[in-house]
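Subject: Structure handover and notes

Hello,

Here is the structure for your set-up work. My notes on what was found in it follow below.

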Amino acid sequence: MLEHKDTVEEIKVIVFRLNDEEYGVEVSQVRSIEKMQNITRVPRTPEFVKGVINLRGVVTPIVNLKTRFNLGEEQYTDATRIIIVAVEDMEVGLIVDAANDVIDIPVNTIEQPPAVVGGIKATYLRGVAKLNDRLLIMLNLDKVLSPEEIQAMSSMER
Amino acid sequence: MDMNQYLEMFIEESKEHLQAINENLLELEKEPKSLDIVNVVFRSAHTLKGMAATMGFENMAHLTHEMENALDLMRNGKLAVTSNVMDVLFGCVDILEGQLSEIIESGTDSTNDIKPTVDQLKALVSGKPMAPPAAAAAPGTSSAAAEATDSEENIGIEFNEYESTILQQSRERGYNAYKIVVRLSEACLLRAARAYMVFDAYERIGEIIKSEPRVEDLEEEKFDREFMLILLTESDVEAVRNTGLNISEVADVSITQVNISTNEKAVEQAAQQVAAAVAAPIAMVENDHHEATSPATRTAQSQDNKKMQLGKSVRVDIDRLDVLINLFSELVIDRTRLESIASELGNQDLIETVEHMSRISTDLQSIVMTIRMVPVETVFNRFPRMVRDLARDLNKKVEFIIRGQETELDRTVIDEIGDPLVHLLRNSIDHGLELPEVRKQKGKDATGRVELVAFHSGNHVFIEISDDGNGIDREKILKKAIEKGVIDAATGDSLPDAQVYDLLFHSGFSTADKISDVSGRGVGLDVVKTKIETLGGRVLVQSTLGKGTKFSIQLPLTLSIIDAMLVQIADEKYAIPLTSIIETAIIRKSDIKRVHKQAVMDFRGRVVPILYLEDVFNIPRSEALDLEEENVVIVRKGDKMAALVVDSFIGQQQVVLKSLGKYLTGSVFAISGSTILGDGQVALIMDCNALIH
């Protein structure tokens with residue numbers, strides 16, 4: 001593993017699943033991975049905001065990524081996880097269908113995303129990583145979780 | 001009124017402002033064209049002026065006012081930022097700093113001579129040729145240096161009246177006064193200890209009447225390698241030098257004879273004053289030695305007293321308090337959890353222990369909360385003096401009324417709210433109230449009324465400043481705004497009153513016809529607005545022409561633990577702050593009336609609109625509920641009310657305020673935050689103010 005680093009820069013990525021696609025977020029942005037738990041609904045917010053949870057004393061907002069990207073109905077199973085990510089000093093939990101892998105990917109395998117991947121606009125993506133037979137969609141969390149976005153969305157809801 | 005309790009606050013704030021001015025002037029020197037920086041300096045100077053005037057430090061207020069004049073020209077581009085201008089400004093700051101340290105030591109700002117600098121500032125403002133640079137520099141450096149030029153015999157040390165008298169008297173008695181500069185060797189580690197030994201040695205052969213730095217600073221090792229002291233002794237120079245050099249680690253002792261023939265008259269006068277002041281001439285005649293020292297020890301004593309007064313309270317970093325409160329919040333959550341576990345288990349011992357713990361933590365909680373909460377009185381109390389002085393300066397008669405001074409606010413808010421209130425009060429008295437003659441002509445009482453009122457409402461504290469003056473002249477504002485290019489003439493007429501009043505808060509806007517010492521540059525209101533908004537509050541203006549004006553400041557309660565009523569609607573639980581609740585009630589469905597499609601109820605003779613929280617919050621419900629009666633919580637915002645329909649009341653409880661997380665903060669309707677319940681679930685806290693329009 002270490003020898004590889006000398007040649008190509010690598011990043012550690014948490015792999016999660018939405019429907020049948022695999023996505024990745026950098027480990028440095030992930031605080032923890034939680035099991036599904038009771039979520040307190042917050043009224044009059046965009047549909048993808050599922051509410052808030054008590055994360056060890058800190059009230060943390062939860063976003064359902066599938067609803068966020070219009071990827072179909074939410075279905076909670078035993079594999080459903082909440083990935084707590086941090087963008088700057090903002091912490092948000094993301095509901096995903098499964099999260100069970102941590103891999104190293106060489107930076108040079110990340111390619112510019114096509115305009116739309118699996119229904120997600122390119123602005124929300126950092127790129128697509130090709131690894132042997134796997135295709136990993138790298139999310140740009142800064143864009144996905146930008147506060148301007150939620151404010152625009154919630155004013156639309158009203 | 002006792003100003004002492006505000007002195008410390010004044011000192012701290014002034015230090016901050018002076019620091020800010022210094023830093024910004026340095027920035028300005030680098031970027032002479034930046035008007036933003038001039039504005040920042042201007043505001044600091046303006047605030048400093050207001051504070052100094054409030055505390056009655058007239059010299060300081062006078063100097064800052066002149067400074068402001070120069071800065072005003074600078075920001076209007078009428079005065080270029082040259083090195084000369086900067087020198088004068090820096091000189092001002094030096095003097096202000098000198099004044100401040102004098103205020104700290106002796107409680108007055110009067111001894112420093114501000115005239116040369118004031119004259120320079122006036123010269124700048126009037127555009128007259130500048131004083132030669134040499135003269136400009138002298139008063140700028142320090143007042144001590146300025147006095148040094150008066151007399152060649154002066155040795156660059158300033159003596160106060162007591163000291164001069166002692167010097168004078170001891171000389172008559174054949175004592176010598178020496179200025180001794182002691183330099184410690186580089187290898188010296190325990191400098192304070194060495195300084196003490198030097199003092200000790202000299203006190204055996206004479207009296208030390210002054211030292212620089214002060215003894216306290218020397219004890220705390222607040223000096224480098226050198227310190228100076230003034231010694232009165234019968235010994236000759238050589239003996240004095242040897243006394244010093246005999247102490248190990250003293251590298252050098254340089255001695256100058258102090259000649260105090262300067263300004264005999266003044267000193268004599270001072271001597272008389274001192275003699276008069278020391279009403280009971282303690283041991284004046286019996287003991288030569290004592291006579292010389294008694295005034296000196298007196299000053300020392302009075303200084304000690306000052307020190308002790310300042311030492312009574314401890315200043316704690318607000319961040320540390322925040323940590324304390326956060327930790328305590330966690331404890332409160334666990335306490336609630338423990339209580340429910342104990343009652344489930346039913347073990348008597350456990351229940352008793354938990355009860356005891358609850359009591360202790362309740363006490364602890366009230367202490368923790370009161371640490372941060374301060375009655376607005378601490379800010380309000382300094383205003384009557386200011387209002388009186390202002391009224392006198394402006395030849396106006398003012399009846400000043402304060403109500404609700406017991407209202408408590410978080411310390412952080414209290415610290416910030418002083419300046420804006422000063423601005424608003426000055427504004428009311430200067431711009432709002434008319435002169436007594438004008439008032440009589442209008443058929444009003446010659447004495448104007450200014451009211452300062454504070455009260456709690458819901459999650460907010462309101463502070464209102466109202467006057468019965470002339471009100472705001474809409475046309476005058478519009479004219480001015482158009483003149484200044486803030487708005488164009490076409491849009492002006494159609495603006496609603498509220499928006500016209502808002503123009504007052506525009507930067508650089510003022511309707512005063514002439515600039516007064518009090519207000520009138522239009523800085524005040526724009527600073528007020530910015531400040532209040534950074535505190536998360538709002539400012540509103542209401543005015544009737546000829547009748548008066550009311551400024552309302554709405555501030556959030558930054559309390560982190562609040563009393564709340566927990567209610568349930570379908571499967572969801574919400575917390576309603578108790579401060580918003582008038583009462584809970586059960587009403588029959590048949591008592592609900594409709595007015596214009598709005599459900600209303602009768603509450604003690606008042607028609608109160610009914611809000612179904614289920615609809616407001618789109619709460620999903622699996623089974624429809626059909627009851628004869630509805631549970632309502634009657635809440636208020638100011639004097640408006642609303643009845644909120646809920647399924648059931650869970651009960652009253654103390655809850656810990658938590659934010660919704662940065663992602664959602666500010667974007668959720670009618671929810672001010674959240675809390676964690678005893679069972680670990682999150683409940684949302686309702687913001688009733690948003691529900692009532």
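Helices (H or I, at least four residues) and strands (E, at least two) are DSSP runs, numbered from the N terminus. This is a predicted model, in which local features need pLDDT of at least 70 and side-chain atom pairs count only at pLDDT 80 or more, while totals for chains, interfaces and linings use all residues. Residues are numbered from 1 along each chain as its sequence is written, chains are lettered from A and ligands numbered from 1 in the order in which they are written, and side-chain values use heavy atoms, with hydrogens and water left out.

End of chain B

Ile692(B) lies in the segment after α25 (688-691) of chain B. With a relative accessible area of 5%, Ile692(B) is buried (under 20% relative accessible area; exposed is over 50% and partly exposed in between, with a 1.4 Å probe and protein chains only). Arg636(B) is 56 residues away from Ile692(B) in sequence, yet their C-alpha atoms are 7.6 Å apart. Beyond its neighbours within four places in sequence, Ile692(B) is in contact (heavy atoms within 4.5 Å) with Val635(B), Arg636(B), Lys637(B), Lys640(B), Met641(B) and Ala642(B).

Chain B overall

Chain B contains 25 helices and 22 strands. Of its 693 residues, 48% are buried. Taking contacts in chain B between residues at least 6 apart in sequence, 70% join residues at least 24 apart. The accessible surface of chain B is about 34,500 Å², and carbon and sulfur atoms hold 50% of that (Shrake-Rupley method with a 1.4 Å probe; for residues, only the protein chains shown count as cover).

Strand β8 of chain B

In β8 (residues 448-457) of chain B, 7 of the 10 residues are buried, so the strand is mostly covered. Two strands pair if DSSP finds at least two bridges between them. β8(B) pairs with β6 (residues 398-403) of chain B in the parallel sense over 6 bridges, and 8 bridges join β8(B) to β9 (residues 460-467) of chain B in an antiparallel run. Val453(B) in β8(B) is the bridge partner of Arg403(B), and Val453(B) also stands opposite Glu464(B) in β9(B).

Sheet in chain A

Five strands of chain A form an open sheet with mixed pairing, in the order β3-β6-β7-β5-β4. The edges are β3 (30-35) and β4 (49-55) of chain A; each has a single partner strand, so one side of each has no neighbour in the sheet. On average, neighbouring strands of this sheet are turned by 30° against each other, direction ignored (axes are lines fitted to C-alpha atoms, for helices over the stretch in contact, and angles run from 0 to 180 degrees between N-to-C directions). Within the sheet, β6 (residues 81-87) and β7 (residues 90-96) of chain A are antiparallel over 7 bridges, and Ile83(A) has Leu94(A) in β7(A) as its bridge partner.

Rings

Over all chains, 7 aromatic pairs were found. Rings of Phe, Tyr and Trp (its six-membered ring) pair if their centres lie within 6.5 Å; planes under 30 degrees apart count as stacked, over 60 as edge-to-face and the rest as tilted. The pair of Tyr574(B) and Phe617(B) is stacked, because the ring centres are 5.1 Å apart and the planes stand at 15°. Tyr574(B) is in strand β13 (residues 572-577) of chain B and Phe617(B) is in the loop between α24 (613-616) and β18 (629-637) of chain B, 43 residues apart, so to the pair falls the linking of distant parts of the chain. Both Tyr574(B) and Phe617(B) are buried.

A charge sits over a ring if NZ of Lys or CZ of Arg is within 6 Å of the ring centre and within 35 degrees of the ring normal. Arg68(A) has its charged end over the ring of Tyr124(A), 5.0 Å from the centre, and Arg75(B) has its charged end over the ring of Phe42(B), 4.1 Å from the centre.

Regards
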